[in-house]
Amino acid sequence: MNDYNAVLARNTKNASKGIGPYSQTVAFSHYNNLSAQLPIDPKSGELVAGGVKEQAEQCFKNIKAIVESIDHVMSDVVRITVFVKNIKDIDAVDEVYKTFFTSYVPTRTIVAVAALPMDALVQIEALVSNGEGTIPNAPQAGDIIKLTNNTANAPISALSTQAVAFSHYNNISAQLPIDPKSGIVVAGGVKEQAGQCLKNIKAILESIDVPFDDIVKINIFLKNISDIEAVDEVYTTFFPDSAIARSVAYVPARTIVAASALPMDALVQIEAVVSHGDGTPPQVIEDRHGLIIVANNTENAPKSSLYTQTVAFSHYNHISAQLPLDPKTGNMVAGGVKEQVGQCLKNIKAILESVDHVMDDVVKVNIFLKNIADIDAVDEVYTTFFPSGVPARRTVGVAALLKDALVQIDVVVSNAEGTPPKV
């Protein structure tokens with residue numbers, strides 16, 4: 001490599017400038033991280049008139065405008081995440097979705113949440129490939145190829161691809177607890193459903209010759225947050241998966257999200273981000289072979305045996321969602337939402353500093369709020385940590401958070417030096 005990768009934040013007037021201190025898209029290495037798009041008309045700055053179909057169309061128009069402003073196309077999207085206020089609106093959203101993805105379909109996650117900013121009915125987020133990379137004046141590997149895959153051993157949908165690999169990551173569609181043979185939700189409760197979600201993920205990974213322990217980040221969406229203990233009973237039977245992982249007690253980074261509803265009335269849905277050590281063509285063997293997953297924990301942030309605070313692979317660090325817990329006491333910090341936001345971000349900062357990174361290395365921030373009306377208070381604290389407003393961002397309102405917190409924050413972080421190959 002000629003030089004380190006650079007964080008590249010960009011905005012266009014052809015899409016909504018957003019409602020907070022964040023960038024529309026932040027590119028790093030071979031991915032563009034887009035802020036979640038609300039159905040805002042970029043000319044008026046207001047929500048578009050109409051119902052959920054009109055709102056979904058405006059969200060996609062904003063995404064398309066951002067993508068085109070950085071010389072990309074919609075087929076460069078590798079993952080779409082759809083947040084709706086009412087799960088029954090998914091059919092209407094899908095009608096619009098199909099007009100933007102007419103042949104190729106990306107990986108996808110659909111979740112109903114308690115609230116969205118500006119009282120929107122839908123908010124849509126995209127992760128986009130970045131073939132030219134972000135090494136200054138040095139395209140890294142030319143036009144890297146996107147690899148798509150489906151297997152009959154996991155649920156197949158005409159509206160999403162099970163796995164889309166690009167460069168050094170595999171992006172997996174969120175898995176519902178569907179039996180791939182019958183196409184229906186498995187019998188039983190949340191334990192059986194969690195097991196089926198993880199079995200589906202494992203089947204997808206096996207179909208592309210990727211071991212389960214190559215997962216770097218897990219996102220669990222729960223209909224009832226109190227089901228987390230039951231889910232964890234199943235979760236610990238899947239992680240760690242191999243003798244090597246067990247010897248170092250490796251578990252991926254993790255985020256738990258309360259969903260107000262999930263497709264097919266499921267109790268749980270699980271999404272995975274997976275390392276891809278051999279890369280996608282035409283990356284040459286010296287640049288890609290056998291990259292190492294680097295996991296790290298620090299005493300200066302809350303620890304858990306169920307997740308790793310940060311998992312680095314290639315040019316990204318994935319940080320587990322941080323609750324407003326004092327790492328010394330393990331208790332919730334005193335005060336209201338401002339104090340809680342400050343503690344979440346202090347924990348993130350401590351984790352980053354423990355791996356020789358800084359807050360300016362953050363490319364994407366995900367904020368989950370118990371009360372969406374707290375967003376202004378959040379931004380007061382947020383801007384003291386991100387004064388330049390560079391990271392892309394997502395904000396959703398949720399019905400509940402672990403430990404009855406008012407806020408939870410996770411981040412994706414650039415890793416300029418990359419992770420080393422096996423020796």
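In which strand is glutamate 271 found? In this predicted model, glutamate 271 belongs to strand β12, which spans residues 268–275.

View 1. The side chain of glutamate 271 instead makes polar contacts with the side chains of threonine 109 at 2.3 Å and asparagine 219 at 2.7 Å. Residues touched by glutamate 271 also include Ile172, Ala174 and Phe221.

**View 2. Buried residues of helix α4 (residues 228–238).** Among them are Ile228, Val231, Asp232, Tyr235 and Phe238. The buried residues of α4 pack against α3, β10 and β11.

**View 3. Salt bridge between lysine 53 and glutamate 95.** The N to O distance is 3.0 Å. The pair links helix α1, which holds lysine 53, to helix α2, which holds glutamate 95, across 42 residues. Lysine 53 is partly exposed at 36% relative accessibility, as is glutamate 95 at 44%.

**View 4. Salt bridge between glutamate 380 and lysine 338.** The side chains meet at 2.9 Å, N to O. Glutamate 380 lies in helix α8 and lysine 338 in helix α7, so the pair ties together parts 42 residues apart in sequence.

**View 5. Salt bridge between lysine 370 and aspartate 404.** The closest N and O atoms are 3.4 Å apart. Lysine 370 is partly exposed at 33% relative accessibility, whereas aspartate 404 is exposed at 58%.

Conventions: Residues are numbered from 1 along each chain as its sequence is written. This is a predicted model: local features need pLDDT of at least 70, side-chain atom pairs count only at pLDDT 80 or more; totals for chains, interfaces and linings use all residues. Side-chain values use heavy atoms; hydrogens and water are left out. Helices (H or I, at least four residues) and strands (E, at least two) are DSSP runs, numbered from the N terminus. A polar contact is a pair of N or O atoms within 3.5 Å; within protein, one must be able to donate a hydrogen and the other to accept it, and residues adjacent in sequence count only if both atoms are side-chain atoms. Contact means heavy atoms within 4.5 Å. Buried means under 20% relative accessible area, exposed over 50%, partly exposed in between (1.4 Å probe, protein chains only). A salt bridge is a side-chain nitrogen of Lys or Arg within 4 Å of a carboxyl oxygen of Asp or Glu. Lists of a residue's contacts leave out its neighbours within four places in sequence.
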